[in-house]
Amino acid sequence: MGRDELLRRSLVALAAAVVVTGLATASLRKAAATYGFGILAIAGVLLPDWEFFDRDFSQWLTPMPASRRTAAAAAAEREHDVWKFKPYPLRMTMLITIYGFGLYKWWIYVSS
């Protein structure tokens, strides 16, 4: 399953979650908040340039060397390997913190 298929399935699941949230709460605002949070969550996981972030943390603020690979070669390789990023402790801590806080705030808003 490539990135396009994963993105498509994620958006369909998000649409189902928006419909369920809208029907359960009878609120268009809460359904819109679910949609907004879902789009940001999907974009945060599927869209980043993981090749850039697979470098050492200290090199994140410096540009990548152009001699590494062409964009077309990198895109062709990424198409078949969806979950290529490595679970570095700093990255996982940042993702869990950001998404945990977002999910908490969304739940407080939807359940109120």
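Predicted model: local features only at pLDDT ≥ 70, side-chain atom pairs only at ≥ 80, totals over all residues.

1. Residues are numbered from 1 along each chain as its sequence is written, and side-chain values use heavy atoms, with hydrogens and water left out.

2. The protein chain has 5 helices and 0 strands, and from the N terminus its elements read α-α-α-α-α. Helices (H or I, at least four residues) and strands (E, at least two) are DSSP runs, numbered from the N terminus. Of the 112 residues, 26% count as buried, where buried means under 20% relative accessible area, exposed over 50%, and partly exposed in between, with a 1.4 Å probe and protein chains only. Among contacts between residues at least 6 apart in sequence, 64% join residues at least 24 apart; contact means heavy atoms within 4.5 Å.

3. Helix H1 covers residues 3-25, and its 23 residues reach 32 Å from first to last C-alpha, close to the 33 Å expected at 1.5 Å a residue, the expected span being 1.5 Å times one less than the number of residues. Its buried residues are Arg3, Leu6, Leu14, Val18, Thr21 and Gly22. Leu7, also in H1, is partly exposed at 30% relative accessible area, and, neighbours within four places in sequence aside, Leu7 is in contact with Ile42 and Leu46. The C-alpha atoms of Leu7 and Ile42 are separated by 7.7 Å, although these residues are 35 apart along the chain.

4. Most residues other than glycine have a negative phi. Ala26 lies in the loop between H1 and H2 and is exposed, with a relative accessible area of 72%.

5. How do H2 and H5 pack? Helix H2 (residues 28-46) and helix H5 (residues 89-111) pack at an angle of about 170 degrees, with their axes 10 Å apart, so H2 is roughly antiparallel to H5. Axes are lines fitted to C-alpha atoms, for helices over the stretch in contact, and angles run from 0 to 180 degrees between N-to-C directions; angles under 35 degrees count as roughly parallel, over 145 as roughly antiparallel, 65 to 115 as roughly perpendicular and the rest as oblique.

6. On the H2 side of this contact are, among others, Ala33, Thr34, Phe37 and Leu40, and on the H5 side Tyr99, Leu103 and Trp106 are included. The residues of the contact divide into 10 nonpolar, 3 polar and 2 charged, with Ala, Val, Leu, Ile, Met, Phe, Trp, Tyr, Cys and Pro taken as nonpolar, Asp, Glu, Lys and Arg as charged, and the others, Gly among them, as polar.

7. Thr34, in H2, counts as buried because its relative accessibility is 5%. Leaving aside neighbours within four places in sequence, Thr34 is in contact with Leu14, Ala17, Val18, Thr21, Trp106 and Val110. Gly36, also in H2, counts as partly exposed at 29% relative accessibility, and its C-alpha atom is separated by 9.9 Å from that of Trp106, 70 residues away along the chain.
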